[in-house]
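Okay, thanks for coming, everyone.

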Amino acid sequence: MKSFQLLLLIGFLLGVQCMRAQGDTLSRIPPVLHNVRQGHISTGAQEANHRHSLSLQWGVYIPTGKGFLNRATTISPVLEWEWRASNAVSIGAGIGYTRGAERNYTRDTYEGDLVTGPSDRSLTLMPLTAHFRWFPTTSPQHRLRPSFGAAHPRLRPFIGAGIGVQYAVFRIEGELINKSEVQSWGAVVRPEAGVSFCPQQNGRICIEIKCGWQYATNKFPIMSIESLQGVQISAGVRYKF
């Protein structure tokens, strides 16, 4: 009987010692690994892996100033890649394609003369730009820390600017105008503002809406056009990876 009680006592002491050793081991595990063992992965770790993103947008291009086209065009897709340098700053690059055509009765300056009559014209634009964007703090409870551990609000406004080159193709013909087609390269700059909305906190898929004013130095000397200006409004989906 005494031997059985002694064995129980020894077993109890060994059990207590094992529990203490296990507690010391868990206390030395880094918090991130401990969360993984418990089935919880921090949003900071997830967000750190989502610095890159791709965006496909569709927009409307509205010519302004003394441009080649007088009407808005709805064929204006944009493909963008972006890299988030911090929670508040991102840089990226994009390529766009805009094509508009119209037929109307116009008064144009053609080869130095004023020509009145019907004409068919089309304009194709392909801008290649690099951009910078800044995401300001939206509210005190959503202040963005410089580390990637901060949770992002789902609705984030931004402002930015893009700069690059633009390839343009002008084409016009009419009853009193000889058919002309000119290709032109020019510099382009585009300040913009927009908003990004993610349905899920720190989610991979976000919806973007933005508006920008674009100025390019493409020229069409036959019609005395020295630049192209326009407003572009676009919306699309961004995927983070």
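Let's start with what I mean by a pair: rings of Phe, Tyr and Trp (for Trp, its six-membered ring) pair if their centres lie within 6.5 Å, and the planes count as stacked under 30 degrees apart, edge-to-face over 60, and tilted for the rest. By that rule, F68, F170 and F220 make up one aromatic cluster.

Quick housekeeping: this is a predicted model, so local features need pLDDT of at least 70 and side-chain atom pairs count only at pLDDT 80 or more, while totals for chains, interfaces and linings use all residues. Residues are numbered from 1 along each chain as its sequence is written, and side-chain values use heavy atoms, with hydrogens and water left out.

Staying with F68 for a second, what lies over its face? That's R121, at 5.2 Å from the ring centre. For a charge to sit over a ring, NZ of Lys or CZ of Arg has to be within 6 Å of the ring centre and within 35 degrees of the ring normal.

Now, searching the whole structure turns up seven aromatic pairs. Take F135 and F158: the ring centres are 5.5 Å apart and the planes sit at 50 degrees, so we call that pair tilted. This pair links distant parts of the chain, 23 residues apart, with F135 in the loop between strand 5 (113–134) and strand 6 (155–174), and F158 in strand 6. Strands here are DSSP runs of E, at least two residues, numbered from the N terminus.

On to the cysteines. A disulfide is a covalent bond between the sulfur atoms of two cysteines; the cut-off used is sulfur atoms within 2.5 Å. How many does the whole-structure search find? One. It joins C198 and C206, with the sulfur atoms 1.8 Å apart. The link of C198 and C206 is right-handed, with 75 degrees about the S-S bond. C198 is buried at 7%, and C206 is buried at 0%. C211, meanwhile, is partly exposed, at 35%.

Technical notes
Helix = DSSP H or I, 4+ residues; strand = E, 2+ residues; numbered from the N terminus. Buried < 20%, exposed > 50% of the residue type's maximum accessible area, 1.4 Å probe, protein only.
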